[in-house]
Amino acid sequence: MPDFLMPSLGADMDRGTILHWHKQPGDRIERGEIVVLVDTDKAEIEVESWSAGWLDEVLVREGETVPVGAAIARIRTGEAEQPSAAPTPPPPAPVPATRPTLAAPTPKRVAAPAGARIHASPLARRLAADLGLDLATLTGSGPEGAITREDVERTAARPAAAPPATSPPAAVRADKQATMRSAIAAAMERAHREIPQYYLATRVDVSRALAWLTEQNESRPLAERVLPVALFLKAVGKAALEVPEVNGFWRDGAFVPGDGVHVGVIVSLRQGGILAPALHDVPRMSVTALFAEFRALVARARSGKLRSSDVAGGTITVTSLGDQGVETVFGVIMPPQVALVGFGRISEQPFADHGLLGVKPVVEITLSADHRASDGHRGGRFLAAIARLLQDPESL
Amino acid sequence: MTRDQLRAQTLEALAGIAPEADLGTLRGNIALRDQLDLDSMDFLNFLVAVHQRTGVEIPEADYGALATLDQLVAYLARKTGAA
């Protein structure tokens, strides 16, 4: 009977807190079905099962924190047949959460009704927890009935509706932010400590790519239009097939190639911090499908609805800071990956081409790469491949 | 739809994109992306939401002239013939 383990949902995660079991002992679990909601230091992630079977025993109760790799449940694998033995009930009262770095008390988790996932923004969820409000008692006014911060504040403002908070909300929110920053810092510190990084940059004329995209978008309804970032992601994915040394991991003293090109994308959160969910099999997707998937992924990241399959498996990472006006990105590799590609803003610049000087939309593309897995020559080939692909957008 | 209704619909669409923002303090003549820290994806999602609420199709070529709330409401009013 295999154990269901606390998964690693990113290089910066070393523990997770069980927030809500979607399944109870005795419940059938299908492959890919969500089993449990886990809080990492950075986000709430819905964890799916990679195998079908029956949930036999819950080993870690809601509210408990355990390290990555710890068994949190037992699953009886197999096809749709009833378990032979009576399911083991959940263990008794939870032990106190063991988060030594938390300065303030861990926010009390408000229980959701059995079998129901309440739609609420991460901010609303945290604020409700801070205020001791049960989200199940709130009416959402956001998209698709999602509970917003205003809904929580409105409810909290009603007489006798808000029990005394167990800790200052601002302090708890600040603590969550601090925890996320610590997780990011730990991963970045590891990157700087362990990875001999080298950096390359190239300026690319993207006038053809933008003209092609504009033409494509003209015939599309607004909701199906594609942003330039989709071309960048696709170009990175295809270029990584040409230079596989930048696509994979450094593990146990050796380079392990990726089992495909799964592009992690840095997503900034409105409440602060970043996540790096992944787009899988990027070279195989059309630009349109890739952008649709990217758009959905960003929406899940920003609404706190990421799944474990979203955050697992990235083989190379892309970050784009052009919206912030950044010209050049000096990125830090996300270990154990071996490369990160940065895109700056698209800006009109003087650009010489075949002896002719003109004003072109230009983007600066950078590569941060692990010298243990590749060298500047191969990294340069990789950037050149991205540049070449962006000159020929029909090929993407 | 009146101009006030268009403005209200636009603000509701914004609330869905930036739920944490205090839209009561939004200034009509300053770029929305600067005030609300919207990126390209946010802005696209915002325009999609505006389109769904008002029925106004917004060509990509017009994006650049729709930076502020006032510009967007005026644009929608022109397109719909609102008073």
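These are my notebook entries on chain B of a predicted model and on its contact with chain A.

**Ground rules.** I count residues from 1 along each chain as its sequence is written, and chains are lettered from A in the order in which they are written. As the model is predicted, local features need pLDDT of at least 70 and side-chain atom pairs count only at pLDDT 80 or more, while totals for chains, interfaces and linings use all residues.

**Chain B overall.** I looked up the elements and found four helices and zero strands. Helices here are DSSP runs of H or I with at least four residues, strands are runs of E with at least two, and both are numbered from the N terminus. I noted that the C-alpha trace of chain B spans about 30 × 25 × 20 Å along its principal axes.

**Helices α1 and α4 of chain B.** I checked α1 (residues 3-17) against α4 (residues 69-80): their axes come within 9 Å and cross at roughly 125°. Axes are lines fitted to C-alpha atoms, for helices over the stretch in contact, and angles run from 0 to 180 degrees between N-to-C directions. The two helices are therefore oblique to each other (under 35 degrees is roughly parallel, over 145 roughly antiparallel, 65 to 115 roughly perpendicular, the rest oblique). I then listed the residues that meet: B:Arg3, B:Leu6, B:Arg7 and B:Thr10 in α1(B) with B:Leu69, B:Leu72, B:Val73, B:Leu76 and B:Ala77 in α4(B). Contact means that the C-beta atoms, placed from the backbone, lie within 7 Å.

**Contact of the two chains.** I looked up both sides and found 17 residues from chain A and 14 residues from chain B. On the side of chain A, α4 (207-218) and α6 (287-302) are the elements that give two or more residues.

Conventions: Two residues are in contact if their C-beta atoms, placed from the backbone, lie within 7 Å.
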